[in-house]
Every structure is written in structure tokens, then in C-alpha cells.
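This report describes how the parts of one protein chain pack together. Please examine the structure shown below before reading on.

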Amino acid sequence: MGEDILLCLIFGFERQLQFANMVIYKKTTAPSDPPPLFYRNSVTPTLPIGIVHVASGRFCTKTPLCARSDQSETQGSASIVGDLLEYLNESWTPFHATAEAKRQLIDAGFNLLNENDDWELKPGGRYFFTRNMSCLVAFAVGEKYSVGNGFHIIAAHTDSPCLKLKPKSASSKSGYLMVNVQTYGGGLWHTWFDRDLSVAGRVIVKGSDGSFLHKLVKVKRPLLRVPTLAIHLDRTVNKDGFKPNLETHLIPLLATKSEEASEKSSGSSSKAAHHPQLMQILSEELGCGIDDIVSIELNICDTQPSCLGGVNNEFIFSGRLDNLASSYCGLRALIDSCASPSDLSSEHAIRMVALFDNEEVGSDSYQGAGAPTMFQAIRRIVGSLSHEHVSENAYERAIRQSFLVSADMAHGVHPNFTEKHEEHHRPEMHKGLVIKHNANQRYATSGLTAFLFKEIAKIHKLPTQEFVVRNDMGCGSTIGPILASGVGIRTVDCGIAQLSMHSVREICGTEDIDIAYRHFKAFYQSFSSIDRKLIVDY
């Protein structure tokens, strides 16, 4: 096949490349950016189109090359891994994650609602609304729904530990322009050092008519870096550990300070809270004047794209897997479970996905799971579908018949730290969703809710695992107990096994993504028939 180069022209038919066995994944960047190259598992067929220089890893054409996930099969079902990578690369912040979910729902035919308006809903309809553009609730009404029937809900969160700009971020030190940040959530902050960082988030812009517009911004090129101290100046770091002071050592560099920059800074008192250079970049990204930017809410983000990894491409390497992986699997399961009108023709319940913000800091916010957003929506849905003829306690009866899947990433067993897991509960990658248990109710799972969720898996031949924390260690929590205790809704806590949780770059298994998607989709499609067979309070 030649000494050095293999040129492949593939036009609409499946073929494996004997040397590289590769797949091209569409990166959501500017057209001028070179598309990345990803390798794939040999069991997954794909339809790449184009010319590839195998030995060098370069492309021999300027035409973007991509492989769509609906062209690959995993155990008889289309894989969503490629689409998840796109979602992760779009979703640098909760705002972007919600905006991308909104786009996909609209493309799928869901109708956008506004919490400020009256809702006119009907059986068979598909709807959604956003709150703060960082929280989203979407639902599909079964055509055989009657008032008092239950809601089948998957809930996850859109936020991840990160660094956020302080209200006054501009500072300078030792000839450098610095950006002051605050820590959000419980991140592994040492992993943020020596990374190529940038900014993304929400900006409020003043319109020409005097209105104020919410706009999202994402600067894709590296702007910032938090450098580590050279070992020559910290000789004991490998013995004593790296213990940075989060206030004084975790400050990203933006630029070297120049006299011109100093003059600009002193002459821009109205924008003194942030460096003029940063504001200029934001204005260019948004296509507006610097003075039109009246408020910013920005995260520091890692610019390295999400990608496949491992010898067989069995891993996903990415930031924000906790918890965008769960969010996307739930969102996609809802969309695909009601893609055609016939999918809801025999459904008596309402299928719902709820994506909340601020889980990493306790959920107590306007857009978090601690707010009554989801339950207010359920009450409004019941009221709208009753056509003002609400039977007695219809909302309460609906809650009693409802079921919530709290989906948040799980701790996979670490091969270098196996002793950190309870001996008989060590979740592994590629072994299915992890059902989380805790006797002290840090997770909301009960014997009944675990049984129902595992029964779905059993019927659809999907694997599951179980997790409990060691008795000599503390246990984390999720939005599950918050929502379960809010109005008394049956809840199971589950998640996809991962490593490096809360690192700037996390790891999970590709096969688990597809298993989670199929499990969630089966939940929407099968739960009604399974639940009616279980008799408890009689």
C-alpha cells in the first residue's frame, strides 16, 4: 500500500482502514480551524468521506471530514458518542449547554414555552422552557394522558467545578496583567495549572434602542494560563505535595504589562473592573462596542477539545463530563423516545427531562434544583391539561404516581487506589449505569426504586452496577435527595462510572454512554408497564 502514505477515497460505503482504522469527528470550531483526527473502535462501522494522509495524520483536503453517530452501531443501536463529543465541545458553560439543548429540542420539533405566559398544552405535544438560560425543563405528553397520571423524569445538572471571574478581575503583578478569579464548587484545582485556558459565558449588551440583550460568548483561542512554580524554586513539592494558596497562587496570566496597556487602563475608568484588552476581545467576539457591554458573567475554561482516547478508543477524555454526559444522555433519550407521533400514541404518562444549574454548590438558587422550578412546572402542566376541570388532588396524585431518575456521574474504581472503594462495590467502566445507595439518604435510592430501575435494564438486557461508600469515608450527594424530599417523589440515584471526577480533564467509557442512553430511553418507553405491576401501599 506504499511505503509511507495511504490515500483513501470513500464515497458512501463502509470500509475499514487497515493501518489506522480511523474515524473523522466533526469539531464545532470555525471553518478555518483544522479538523481533528480521532481513532475508533474496530467494532463500530462508519462512513468517512475524504482523503487522509495516514502517516502524518494530516488531511489532504480542505473539505471538513466527519462521521455521524447515526452511521455507527453499538450492539444493534445507534451510538451517540460522536454527538456527545460535539455537545461537550459546544458546552463550555451552563449557558452554552442550555443553549445547545434548546437548539436540539427546537430542531426535534419541541415547542418553546415561557414561564411568564399562559400555557396551552395538549396530549401528544412536546414542550420545553429555560430559566436563566442555565436551567431547562422539557416534556412530552402521552396521547392517552389523563389528569392525575404520573411524570417520568430524568434530572441532571449543567454546571461543573470551574474558575469564575471576580466582579473586579483586573490586577497586575511583577509586570504581568492578571485576571482575578474565584473557585466554583469542589474542583481539583491543581489540575488547572499549566493548561491553555480561555473565557466563556454570558454578557449583557446594550442595544441601539436602549434595550439590554443577553448574549453568549466563547473565546476559543487560549488567552490565559496559570503557571506552576519551577521545581528548582520548590524542591520539596514532590515529597510534601503541591498545596497552592487558592487566593494568591491560582491567578491566571493574561498578558505582559506594557506602558501602552497602562495608559489604556488609566484612561478607561468605566471599565476599570476588567482589563481593557480582555474587554476588547469580548467586543470583537460579540460584534459590539466595549461601552455597550454592561455586565459580564464569565467562566475560565480549558480550550482542549473533548476527544476519544485509549488503544481501542474506549475512553472519552474531556472536561465537564460531570455532569454534561448525564445531561446529554437524558436529553437525547427524551428526544428520541418521542421522535415520531406514534411514539406517544399509547403513553399514559408525561416524559420529562430537567437540567439544573448550581448542583456543585448546593442547588440553592433560582436556577438550581433547590428551587421549585420542576414541581411548579408539573402543577402548571396538570392544570393546563385539565382544561380548568381539575379533579380533586390531581397534582398530588400525579406526584404519587411519578418517578425520578437522578442522573449524576459515579466514582469508578481507580486501579491505583482500589482501597478507596468498598470491596464489593467497585464500579467499572463499560459495565453499565451505577445505582447509588446510602443508608443515611445521601442518595435517594430505596430498595423499591432500585428494583424498578434494574427491572427496566433486565427487560432490555442492559448491565447495571451498584455503589456504596466505605463506612470510614464521607459520602457525596446529588440533586436526588433534594427533589425526592421536596414533594415526596420516588427517586433512584444513578450515574456513569468515571475517573478524575472534578479534574479539568475527566475520563469515562464510551460504551457506558450508549448504555446510559439506551437505559434512559427504555425508562421512558417501558416504565409505565413495569410500575403498574408493583403493589406496595394497599
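## Helix 2 against helix 6

In this predicted model, Ala97, Ala101, Gln104 and Leu105 of helix 2 meet Leu324, Tyr328, Leu331 and Ile335 of helix 6. Sorted by class, the residues of this contact are seven nonpolar, one polar and no charged.

How do the two helices lie relative to each other? The axes of helix 2 and helix 6 come within 11 Å and cross at roughly 15 degrees. Because angles under 35 degrees count as roughly parallel, helix 2 is roughly parallel to helix 6. The crossing of helix 2 past helix 6 is right-handed.

## Helix 6 against helix 11

Helix 6 also has a contact with helix 11, and the axes of these two come within 8 Å and cross at roughly 45 degrees. This angle makes helix 6 oblique to helix 11. Here, too, the crossing is right-handed.

From helix 6, the contact is made by Ala325, Ser326, Cys329, Gly330, Arg332, Ala333, Leu334, Asp336 and Ser337. From helix 11, the residues taking part are Ile513, Ala516, Tyr517, Phe520, Lys521, Tyr524 and Gln525. By class, this contact has nine nonpolar, four polar and three charged residues.

Helix 1 covers residues 81-90 and is mostly covered, with eight of its 10 residues buried. The buried residues are Val81, Gly82, Asp83, Leu84, Leu85, Tyr87, Leu88 and Asn89.

Which elements do these buried residues pack against? Among the helices, they pack against helix 2 (94-107), helix 6 (321-337) and helix 11 (510-531). They also pack against strand 14 (212-218), strand 17 (307-309) and strand 18 (315-318).

In soluble globular proteins, nonpolar side chains tend to be buried together. In this model, the largest nonpolar core has 55 residues, of which Ile316, Val405, Phe453, Ile496, Ile513 and Phe520 touch the most other members. Apart from this core lies another, of 33 residues, which includes Met374, Phe375, Ala394 and Leu483.

Phenylalanine 453 belongs to the largest core. Leaving aside neighbours within four places in sequence, phenylalanine 453 is in contact with Val405, Leu433, Ile435, Val492, Cys494, His519 and Phe520.

## Two loop residues

Arginine 221 is placed in the loop between strand 14 and helix 3 (237-240). Not counting residues up to four places away in sequence, arginine 221 touches Leu197, Ser198, Ile281 and Thr303. Arginine 221 and valine 199 are 22 residues apart in sequence, and their C-alpha atoms are 9.1 Å apart in space.

Aspartate 118 lies in the loop between strand 7 (111-112) and strand 8 (126-131). Is aspartate 118 buried or exposed? With a relative accessibility of 75%, aspartate 118 counts as exposed, because the cut-off for exposed is over 50%. Aspartate 118 and arginine 380 are 262 residues apart in sequence, whereas the distance between their C-alpha atoms is 9.2 Å.

## The whole chain

The protein has 11 helices and 26 strands. Of its 538 residues, 52% count as buried.

How many of the contacts join residues at least 24 apart in sequence? Among contacts between residues at least 6 apart in sequence, the share is 75%.

Conventions:
Residues are numbered from 1 along each chain as its sequence is written. This is a predicted model: local features need pLDDT of at least 70, side-chain atom pairs count only at pLDDT 80 or more; totals for chains, interfaces and linings use all residues. Side-chain values use heavy atoms; hydrogens and water are left out. A nonpolar core is a set of buried Ala, Val, Leu, Ile, Met, Phe, Trp, Tyr and Cys residues joined through side-chain atoms within 4.5 Å. Buried means under 20% relative accessible area, exposed over 50%, partly exposed in between (1.4 Å probe, protein chains only). Contact means heavy atoms within 4.5 Å. Helices (H or I, at least four residues) and strands (E, at least two) are DSSP runs, numbered from the N terminus. Axes are lines fitted to C-alpha atoms, for helices over the stretch in contact, and angles run from 0 to 180 degrees between N-to-C directions. Angles under 35 degrees count as roughly parallel, over 145 as roughly antiparallel, 65 to 115 as roughly perpendicular and the rest as oblique. A crossing is left-handed if the near helix is turned anticlockwise from the far one by less than a right angle, and right-handed if clockwise. Ala, Val, Leu, Ile, Met, Phe, Trp, Tyr, Cys and Pro count as nonpolar, Asp, Glu, Lys and Arg as charged, and the others, Gly among them, as polar.
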